[in-house]
Every structure is written in C-alpha cells, then in structure tokens.
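Please take a moment with the sequence and the model below before reading on. The paragraphs that follow go from one residue to the whole chain and then back to single positions.

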Amino acid sequence: MPRTKLHDVQLWDGTWTWCYGWRDGLPVWKFRTAPAGLVTKKQLWAQRLRRRRGQDPFGLLVFHRSGCGEQVAPLFRLDLAIPSRRMSARWADSITAMGRAHRTCRRCGAKSTTYLPTSTWKCWPCMEATGDFGEPAVA
Ligand SMILES: [Zn+2]
C-alpha cells in the first residue's frame, strides 16, 4: 500500500493532474511537485509579476523546513498574474523631490533635516521672525 495517496485534480485549463490532498478546499502539492503554471508569491516577484487584485490562490504548497516545521505557501496561477510595478528612477526622483519640498523653508529657502509643519512651511527661525506658528485662528 502506498504511503501517500494521490488525488486527481482538474486544473484551470481542464487538464487533470494529481495532488497530495486537499486543505481548505485547495489542492495541496509538495515542493517540486506543483504543476507548471502555479507559483508562489516569491516566484511571481522573481518574474516581475504580481497577483491581480483579488486573485485567490489556486492551490497550496506544503513543505518542511528544518527547524521550522511545516510550511504552507499559497500557489497562484501564473497566467492570471500581471506585471508588477518596480521602483523606477523617475518614481524614486519624485519621492526624493517630495521629501525635499517638505524640508525646504518657503520663506528663506533653508533646508531642514526634518519635515516642516505643513501649516506654515517655514523653518523655526522664520516662524519666530514672522510670528506665524501655524496656530489655528481663534474663532
Ligand atoms: Zn526659513
């Protein structure tokens, strides 16, 4: 009698394959036995892909890591994944520019090491000089 009983499972494209069983209604595979086209989140990332919004796992990958016990990783359909947006140079620049704007005094142009209050956009010396501390007007 075989130690592991294999179960038939139908894939999204109608082909039949086997899995090790079911867990939470999802077919379970072990490491290196998952059918082609099913990948973990980490593998999606490695292929510059990400899950579609609301994309649910198709199956589960169950494996053992020494010292960690049983690990379960959801498996996602590669054909449903979409390209992931990586940090581009322009995007990084815009984030830097935003930080710079938050640290530049609107009155004297001094660069602060911390974010300036958005109520005044001024550095402390300028707030003292103008008496404008960004306090809410008394009603
Ligand atoms: Zn200033």
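In which loop is T114 found? T114 belongs to the loop between helix 2 and helix 3, where helices (H or I, at least four residues) and strands (E, at least two) are DSSP runs numbered from the N terminus. The model is a predicted one, in which local features need pLDDT of at least 70 and side-chain atom pairs count only at pLDDT 80 or more, whereas totals for chains, interfaces and linings use all residues. Residues are numbered from 1 along each chain as its sequence is written, and side-chain values use heavy atoms, with hydrogens and water left out.

The protein as a whole contains 3 helices and 9 strands, and their order along the sequence is β-β-β-β-β-α-β-β-β-β-α-α. An automatic or database domain assignment, the source of the domain bounds, divides the protein into domain 1 (7-83) and domain 2 (89-130). The C-alpha centres of these two domains are 47 Å apart.

The overall dimensions can be read alongside that division. The C-alpha atoms fill a box of roughly 85 × 35 × 30 Å along the principal axes, and the radius of gyration is 27 Å, while a compact globule of 139 residues would have one near 14 Å. That radius is taken over C-alpha atoms, and the globule rule is 2.2 Å times the number of residues to the power 0.38. Of the 139 residues, 28% are buried, a term that stands for under 20% relative accessible area, with exposed meaning over 50% and partly exposed in between (1.4 Å probe, protein chains only). Among contacts with a separation of 6 or more, 38% are accounted for by residues 24 or more positions apart, contact meaning heavy atoms within 4.5 Å.

R77 is found in strand 8 (residues 69-77) and is buried, because its relative accessible area is 19%. Leaving aside neighbours within four places in sequence, R77 is in contact with W12, G37, L38, Q55 and F58. R32, by contrast, counts as exposed because its relative accessibility is 79%; R32 is placed in the loop between strand 4 (26-30) and strand 5 (38-39), and has a positive phi of about 70° although it is not a glycine.

W121 lies in the loop between helix 2 (89-103) and helix 3 (124-130) and is partly exposed, with a relative accessible area of 24%. A101, which is placed in helix 2, is in contact with W121 and with R106 when neighbours within four places in sequence are left aside. A101 is partly exposed as well, with a relative accessible area of 33%, and its C-alpha atom is 9.0 Å from that of L116, a residue 15 positions away along the chain.

This brings the reader back to T114. At 49% relative accessibility T114 counts as partly exposed, and T114 touches H102 and R103 when residues up to four places away in sequence are not counted. The C-alpha atoms of T114 and D93, 21 residues apart along the chain, are separated by 19 Å.
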